[in-house]
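Here's a quick briefing to read with the model open beside you.

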Amino acid sequence: MKSSRIPGFYKMPIEERVRIVKEFAGLSDEEEKLLLSFHALPAEIADRMIENVVSSMQLPLGIATNFIINGKEMLVPMAIEETSVVAAASNAAKMARPDGFKAKAGEPVMIGQIQILNPSKDAVEKIMERKNDIIELANAQDKILVNLGGGTKDIEARMLSNDMLVVHLLVDVRDAMGANAVNTMAEAVAPLLEKITGGKALLRIISNLAIHRLAKAEVIYKKEAIGGEEVVDKIVKAYEFAFLDKFRAATHNKGIMNGIDAVAIATGNDWRAIEAGAHSYAAINGYKPLTTWKKTEDGNLYGKLEMPLAVGIIGGATKVHPMARLSLKIMGIDKASQLAEVMASVGLAQNFAALRALATKGIQAGHMKLHAQNIAVMAGAKGEEIDIVAKKMVEMGKIRMDIAQEILNEIRKNKKV
Ligand code: MEV
């Protein structure tokens, strides 16, 4: 049976890592070449994705190892510029083995909003009387979606003020992120809503507060696996800090999004929509952490993440960006709900890793090594010089450009001798 537990993965040369990922995911020679090329996005595709294209902006794509999600071994591609995130996720996933994460994504129902100005007094009732006609008109816009079992399933209407009403179309978007389908439907039903309400439609657009499209992940960390009951207690206290304080909750949730956004970017998903959904959901009853951590009766650590995850695997960049398609293949994902489940699990793992580090040795220790390597490169170190300079700076506890330059000069001087 294949395993995502790959000891020493981080130490291997890139070619070896790619070979392992190829074998794990059954990639073709072409796909292996694409990974190794570090140039996955051809100009002609980029030029059709957005306007005024002049180049592409690359990010490193790393693989988080050790994940088991709903019993399945998974390698998770993460695209991110921040050091330590991939290592932290892999470590957190390792400590959760052999049980791993249990995750469940709900039905992919998105909300389309239609704003109506100056409606009649009985507009809400009239809308409800004509509910079936409105749903029928919305669904006439996307026969393919309806044939796949999706489409507008229900509508809601409420007055926001004396002269403003909002109608929600509740649209099952199946494997899409859903913005296109929902926005088309919202625009299509607006004239009918104007007729029914006697008002004037203004905005017609999806809501990113996707409360009907929640994904949940859960994990139990055995106390022995994470440093004992004392660490469990500290993590619970760290969570309570975020629960009690918005300033901390913002950073706590940022750590969760480090993992979720990285998978979203690797798969070509709209991470701004996911961010908007995450933080508006966190703020629904006063801003709170998106995760919960508790000590179980036997002294282990139970964690849960629940948040909206509006992600798709068809349409947009997920379909056209070769690396996005490859990322889905590496994870063996063929349903949007599976992707949401992976993201929720990675977010939970990421949060655990951050809380454990913060509550024990502090966050900087883990950051230092790669940070030192970056500084070494900036100071002009090449090849094996990079590791030597970085190691020396970490030993000295001084990670600075001037120190890197000094060490580098020293190495080069000694080489000449
Ligand atoms: C840094 O990108 C993320 C953390 O600040 C998250 C946290 O504080 O929980 C480490």
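Glu81 is exposed, at a relative accessible area of 60% (exposed means over 50%, buried under 20%, and partly exposed in between, using a 1.4 Å probe and protein chains only). Keep in mind that this is a predicted model, where local features need pLDDT of at least 70, side-chain atom pairs count only at pLDDT 80 or more, and totals for chains, interfaces and linings use all residues. Residues are numbered from 1 along each chain as its sequence is written, and side-chain values use heavy atoms, with hydrogens and water left out.

**Around Glu81**

- You'll find Glu81 in the loop between strand E2 (72-79) and helix H4 (85-95); helices (H or I, at least four residues) and strands (E, at least two) are DSSP runs, numbered from the N terminus.
- Setting aside residues up to four places away in sequence, Glu81 touches Leu59 and Pro60, where contact means heavy atoms within 4.5 Å.
- Glu81 and Leu59 sit 22 residues apart in sequence, yet their C-alpha atoms are 6.0 Å apart in space.

**The ligand and its shell**

- Which residues surround the ligand? They are Glu82, Arg248, Thr251, His252, Lys254, Gly255, Asn258, Ala354, Leu358 and Ile363, going by a cut-off of one heavy atom within 4 Å.
- By class, that shell has three nonpolar, four polar and three charged residues. Here Ala, Val, Leu, Ile, Met, Phe, Trp, Tyr, Cys and Pro count as nonpolar, Asp, Glu, Lys and Arg as charged, and the others, Gly among them, as polar.
- Helix H11 (246-266) and helix H15 (336-359) each supply at least two residues of the shell. H11 gives the most, with six residues.
- Polar contacts (pairs of N or O atoms within 3.5 Å; within protein, one must be able to donate a hydrogen and the other to accept it, and residues adjacent in sequence count only if both atoms are side-chain atoms) include one from Glu82, where a polar side-chain atom lies 2.6 Å from an oxygen atom of the ligand.
- Arg248 also has a polar side-chain atom 2.7 Å from an oxygen atom of the ligand, and for an N or O atom in the side chain of Asn258 the distance to a ligand oxygen is 2.9 Å.
- Taken alone, the ligand exposes 300 Å², and the protein buries 85% of that (areas come from the Shrake-Rupley method with a 1.4 Å probe; for residues, only the protein chains shown count as cover).

**Salt bridges**

- The count comes to 25 salt bridges, each being a side-chain nitrogen of Lys or Arg within 4 Å of a carboxyl oxygen of Asp or Glu.
- Lys131 pairs up with Asp154 in a salt bridge, with the closest N and O atoms 2.8 Å apart. Lys131 lies in helix H6 (residues 131-139) and Asp154 in strand E5 (residues 151-161), so this pair ties together parts that are 23 residues apart in sequence.
- Both partners are partly exposed: Lys131 has a relative accessible area of 25% and Asp154 one of 27%.
- Arg174 and Asp172 also meet through their side chains in a salt bridge (2.9 Å, N to O). Arg174 is partly exposed at 27%, while Asp172 counts as buried at 4%.
- Another salt bridge joins Arg412 to Glu385, with 2.8 Å between the closest N and O atoms. This one links distant parts of the chain, 27 residues apart, with Arg412 in helix H18 (residues 401-416) and Glu385 in helix H17 (residues 384-396).
- Is Glu385 buried or exposed? Glu385 is buried, with a relative accessible area of 9%, whereas Arg412 counts as partly exposed at 33%.
- Salt bridges that share partners join Glu16, Arg19 and Glu23 into one network.

**A look at Ile68**

- Ile68 is found in strand E1 (residues 61-69), and it is buried, with a relative accessible area of 8%.
- Leaving aside neighbours within four places in sequence, Ile68 is in contact with Glu73, Arg97, Pro98, Asp99, Gly100 and Phe101.
- From Ile68 to Ala317 is 27 Å between C-alpha atoms, and 249 residues along the chain.

**The whole protein**

- The secondary structure comes to 18 helices and 10 strands.
- Of the 417 residues of the protein, 47% count as buried.
- The C-alpha trace spans about 90 × 55 × 45 Å along its principal axes.
- The protein exposes about 21,000 Å², with carbon and sulfur atoms supplying 55% of it.
- Among contacts between residues at least 6 apart in sequence, 72% join residues at least 24 apart.
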